[in-house]
Amino acid sequence: MRILVVCGAGASSTFVAQRLRHAAQAAGRRISALAGTERSLPIDLDAADIVLVWPHLQHALDRIGHEAEPRDVRVILLPEDVFTDVDGRRTLDLVDSALAAPDTPPTPTPTERKPA
């Protein structure tokens with residue numbers, strides 16, 4: 001599974017991607033988690049199965065979803081307190097929840113939103 005974590009400049013997303021990789025490794029899972037920026041989309045979408053969007057980019061979520069939809073990439077809005085997930089397990093759980101029913105859109109929560 002290939003996960004792209006997107007923020008404004010790439011610094012914050014780097015921390016989350018690293019924590020996500022560590023959580024996956026600790027769980028014995030093979031997950032690629034990379035950091036990107038809003039500007040690096042849509043090019044980076046071709047290398048992702050899931051895009052985790054930083055909370056401050058919520059205003060761009062619909063646009064990102066429209067760019068991701070033809071590529072069958074799931075878009076998930078990260079929670080406001082994503083930095084409190086210091087070991088990445090909660091973020092990994094968020095990804096797993098989104099993938100639980102891949103053929104049906106998940107019920108949106110404050111931390112997750114399916115592309116429109």
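Mentor: The expected span of a helix is 1.5 Å times one less than its number of residues. In this predicted model, helix 1 has 16 residues, and its first and last C-alpha atoms lie 23 Å apart, close to the expected 22 Å.

The buried residues of helix 1 are S13, V16, A17, L20, A23 and A24. Seen down the helix axis, these buried residues fall within an arc of 125°, so they line one face of helix 1. An α-helix has 3.6 residues a turn, so residues three or four places apart point the same way. The cover over the buried residues of helix 1 includes strand 1, strand 2 (32-37), strand 3 (50-53) and helix 3 (89-99). Q25 and A26, on the other side of helix 1, are exposed.

Apart from neighbours within four places in sequence, G8 is in contact with T37, E38, H56 and L57. T37 belongs to strand 2 (32-37), one of the elements that cover the buried residues of helix 1. G8 and W54 are 46 residues apart in sequence, yet their C-alpha atoms are 7.9 Å apart in space.

After the helix comes G28, with a positive phi near 75°.

Note on methods
Residues numbered from 1 in each chain as written. Predicted model: local features only at pLDDT ≥ 70, side-chain atom pairs only at ≥ 80, totals over all residues. Heavy atoms only, no water. Contact = heavy atoms within 4.5 Å. Helix = DSSP H or I, 4+ residues; strand = E, 2+ residues; numbered from the N terminus. Buried < 20%, exposed > 50% of the residue type's maximum accessible area, 1.4 Å probe, protein only. Arc of directions from axis to C-beta.
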